[in-house]
Amino acid sequence: MNNIYFYNTLTKTKDEFKPLEGDIVRIYTCGPTVYKDATIGNMKSYIFMDTLRRVLKYNGYTLKHAMNITDVGHLVSDGDEGEDKMVKAAKEEKKTPLEIAAFYTEKFLKDFESLNIDKPEIICKATDHIKEMEEFVQKLLDNGYAYETSTAIYFDVSKLDKYGILSGIDLRNQMAGARVEVDEEKRNPYDFALWIKAPENHIMKRESPWGLCYPGWHIECSTMSNKYLGEVFDIHTGGIDLVPTHHENEIAQSKGCTGKVPAAFWMHCEFLLINGGKMSKSLGNAYLVQDIIDKGYEALAYKMMCFTSHYRNKLNFTWEALESSQNSLNKLREGYQKHNEGNSQIEESVIEEYKNKFIEAINDDLNMPVAMSVIWDVIKNPNKSKQLAELLLDFDKVLGVNIEKTTTKKEVELPEEIKALIEQRKEARQNKDWALSDKIRDELKEKGYIVKDTKDGMTIERLDVRS
Ligand code: AMP
Ligand code: ZN
């Protein structure tokens, strides 16, 4: 087995990775809150998760990986304020929370398919684990880490030897400057809700030892990771925004329950930016995978785009960059076909060298930009060889971009108006009315479509896919 190094948010260094037990790697990923469509920002984090899975499998490991679906308990703020996101969406869309959850979970998993994301072995819903969560909370109460107020069961962070080991916050400094808490029953400002007493009209409340309640968001991940992966597992993943609250609180809960930090490695994916700024619904730039497909690109072009930057770096999305990633994907597949049709014999040592460089890159904290540069070197090799095609196919086990697919041209659905103009131009050419043909060509260009006449007929390309 080759050495693997991952950056660990817990130690703040790149550490050598070895599974805790044998050749099985146990992973937990914080899944989506299924109250709205997942954006391409969310998908950056799951593409990172996919690459992690593929790299570990490529190294010969077997995976036991659980990802939750948050269908209750995530409040509008990541802390303890605001309404439950599911409840809010259900009211807005005039559906039940269950319907909302089923609808968006299906859409989320469809995005996984479009992006060829390798699914975790276990996908578990919060609402299916209420009993286990209740038991977890009871354990925290029994161990003296939790207390009941009139509104909730809170975790008492002052009972831990240290709260904040992941984000490195110093509670003493934070306490001094902490804003005045609205809830005067809380013992410490950083205490967070494990179990929330539901208001009269709450649609997701259920009977519990502490009355009609609904669970907090953090407790679900601690409960499900413990249930499926054990008290301590190998890797915990999520987006970088989860570090200071959600993951700190997961660690706190596990320490309170078992005395242990639940995962050896904590890996976090940096955020996606849009045109250099924040992605948001109000700015109209909370793009979905479906938006990419609707504009005539493959979802996999976005995956290629993610490989242009390290997962721990911010990535800037623009439609121009996506166009260029689609071109790269096409070139990648053309390169594979070119080698597949060749008959040159390549020395085994050359293949080995490419392979070693590729493994070194992926095992160096999933360094995909470097791994891609090795792939381009293979493609650029002037000797067309089936051995190189096979090597590319092997590397695609890590990329997951369907390198053997042959349709390299963008399949664009033309608007009716454009189709009509093309027909008119065909007719003009049949009538040898070149002036009209040229006029229509210019009109098409103005509308963003380039017409080229070739010996086999005519091709049409979109000039500006953002139109
Ligand atoms: P949520 O559905 O809001 O719980 O988020 C699901 C996952 O997507 C979490 O791991 C978030 O950290 C991650 N995430 C949210 N926004 C972005 C973004 N713009 N870029 C990368 N990851 C994100
Ligand atoms: Zn979580």
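Student: Which element gives the largest share of the shell around ligand 1?
Tutor: That's α1, with four residues. Helices here are DSSP runs of H or I, at least four residues, and strands are E runs of at least two, numbered from the N terminus. This is a predicted model, where local features need pLDDT of at least 70, side-chain atom pairs count only at pLDDT 80 or more, and totals for chains, interfaces and linings use all residues. Residues are numbered from 1 along each chain as its sequence is written, chains are lettered from A and ligands numbered from 1 in the order written, and side-chain values use heavy atoms, with hydrogens and water left out.

Student: Which residues come nearest to ligand 1?
Tutor: Of the 13 around it, Gly41, Ser45, Gly239, Asp241 and Leu272. Being near takes a heavy atom within 4 Å.

Student: New topic: what coordinates the zinc ion?
Tutor: Cys30 (SG), Cys221 (SG) and His246 (NE2) do, at 2.0 to 2.1 Å. Donors are N, O and S atoms within 2.8 Å of the metal (3.2 Å for Na, K and Ca), and water is not among the atoms, so sites may look incomplete.

Student: How are those donors spaced in sequence?
Tutor: As C-x190-C-x24-H. Cys30 lies in the loop between β3 (24–29) and α1, and Cys221 in helix α6 (residues 217–229), so the pair ties together parts 191 residues apart in sequence.
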